[in-house]
Amino acid sequence: MLTEREESYRVLLLWQKEGAFIKESGLSPFAMELALGVCRRHLYLEYFIKTLTKKMPSLEVKTILEMGLFQMFFMDVPDHAAINTSVEIAKAANLGDGAARLVNAVLRSARRTGEPALPPQRVRRVSIENSVPEWLVRRWFDIYGADAAEAMAKSTLERPVEWIRVNTQKSSAPVVAQKIGLHGASILYDRYIELPRDVGVKLLLALPEFVKGEFSFQNPSAFEVVKLLDLKPGLKVWDACAAPGGKSALMAEMDSSLEITASDSSAARLEKMQDLMTRLGLTNVKTECIDVLTADAACFAQSLEHRNLKAERPQSGATPERSDLTPLFDRILLDVPCSNMGVIARRPESVYRITQESVKELSELQFKILENASKFLAEGGRLVYATCSPDPMETTQVVNRFVKAHPEFVKAGEAVLPGKTDPRLDGFFAQALEYKK
């Protein structure tokens, strides 16, 4: 098991030094549980170490200590195994005899003293206990109230439910569940299968059913967002911030008559999206390298030529500027870049990247994306603005600002918050807007 722990150590250092995503590291189930667990409880483990040392050790030693403490207090690992393997990692990493002795002494001290007392002040306590930065906890207290904020903070520590989405163009949820041995598994929306905790995602990737495109991985909250588009057969759809392509694939699986343009500004992400569509056998999704923030008619030249997208002359009024060659879509999905506050449990690295300034910058970016994308919506069409963050600055404030500036766009129904109705679903926000000439 030392090799697995060494892999966790390596990945955790990459996360802290380079911002690498832990889930993309291909770790074994044990190593992944350890690495993600340390990331989720990083601030608490740091606080724990501070109570046991006079001076915070180097990043490398501190990471080993966090791994040891997490195994001792949050995993079913015997204390002696957690301590001994942590010392061995320090030795294998060539951190010196002093580092190995420090790791041994600190972890043995933790075994004697147990977990430390937390500060009495509530915001500070919630921050440390749940490893959410104090400024963010205070923000949640101000927006949602103390009890709701504390519940939100606690939820970030929970191991999220994993789901697979069955490609209904090729099979059905009950058939796939039976073929891959998930008898009696919960099925949602006739296409999502809840994975038991002991089923490793890595093992599923090797199954012939996955290779043949019978299923992929996606949280059912995506279905709740896509439902807001009110899709009809034959409609032209633009998924303007499509990477990694899951929602485009979902729409294509739902209706093969849809003409879907899935775009992203990154050629590398675009290639992965195309690989996904190829594996799933979806021929009604065309990928385009387009930056939604600066998109204009010229960006869609290939689509106009090969797919005969409808173009109209500029409209009067306050509608965002359109040209004679502006391709118009019946539906537009904007799953905009966001802070990921609604999916911290799934992407624990994100909570340490968020700052007060970054949230403000994101809201400005989101508004600009919404403004530019909206000029491609046909009269009577529907646009869905979505984020995986519940924060008002990224959600209702962006939508309300846009509607105020462009009164020809009206809200269609209430906003959707899937995570509030079912805790197994990711914390998305989505609001439908319709263009009324």
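A residue is called buried when its relative accessible area is under 20%, exposed when it is over 50% and partly exposed in between, with a 1.4 Å probe and protein chains only; at 47% relative accessibility, cysteine 289 therefore counts as partly exposed. This is a predicted model, in which local features need pLDDT of at least 70 and side-chain atom pairs count only at pLDDT 80 or more, while totals for chains, interfaces and linings use all residues. Residues are numbered from 1 along each chain as its sequence is written, and side-chain values use heavy atoms, with hydrogens and water left out. Helices (H or I, at least four residues) and strands (E, at least two) are DSSP runs numbered from the N terminus.

**Cysteines**

- A disulfide is counted when a pair of cysteine sulfur atoms lies within 2.5 Å, and by this rule the count comes to zero disulfides.
- The cysteine sulfur closest to that of cysteine 241 belongs to cysteine 338 and is 10 Å away, which is too far for a bond.
- Cysteine 241 is buried, with a relative accessible area of 13%.

**The open sheet E2-E3-E1-E4**

- Four strands form an open sheet in the order E2-E3-E1-E4, with antiparallel pairing, where two strands pair if DSSP finds at least two bridges between them.
- Strand E2 (187-188) and strand E4 (215-217) stand at the edges with a single partner strand each, so one side of each is left without a neighbour in the sheet.
- E2 pairs with strand E3 (residues 192-194) in the antiparallel sense over two bridges, and isoleucine 187 stands opposite isoleucine 193 in E3.
- Helix H14 (residues 246-254) packs on this sheet, touching strand E1 (163-166) and E3, and its direction makes about 40° with that of E1; axes are lines fitted to C-alpha atoms, for helices over the stretch in contact, and angles run from 0 to 180 degrees between N-to-C directions.

**Strand E9 and its partners**

- Strand E9 (residues 377-387) is mostly covered, since nine of its 11 residues are buried.
- Strand E8 (residues 329-335) pairs with E9 in the parallel sense over six bridges, and leucine 333 stands opposite valine 384 in E9.
- From E8 the chain crosses through helix H17 (residues 356-374) to E9 in a right-handed β-α-β crossover, meaning that, with the strands pointing away from the viewer, the path from the first strand over the helix to the second runs clockwise.
- E9 is also joined by six bridges to strand E11 (residues 429-435), in an antiparallel arrangement, with tyrosine 385 standing opposite glutamine 431 in E11.

**Nonpolar cores**

- A nonpolar core is a set of buried Ala, Val, Leu, Ile, Met, Phe, Trp, Tyr and Cys residues joined through side-chain atoms within 4.5 Å; in the largest one, which has 43 residues, Ile22 and Val103 touch the most other members.
- The largest share of this core, eight residues, comes from H2.
- Leaving aside neighbours within four places in sequence, isoleucine 22 is in contact (heavy atoms within 4.5 Å) with residues including Trp15, Met32, Leu36 and Glu349.
- A second, separate core of 39 residues includes Val237, Leu270, Leu282 and Ala432.

**Helix H3**

- Eight of the 11 residues of H3 are buried, so this helix is largely enclosed by the rest of the structure.
- The buried residues of H3 pack against H1, H2, H4, H6 and helix H7 (122-130).
- Glutamate 46 lies in helix H3 and is buried, with a relative accessible area of 19%; not counting residues up to four places away in sequence, glutamate 46 touches Met56, Lys62 and Glu66.
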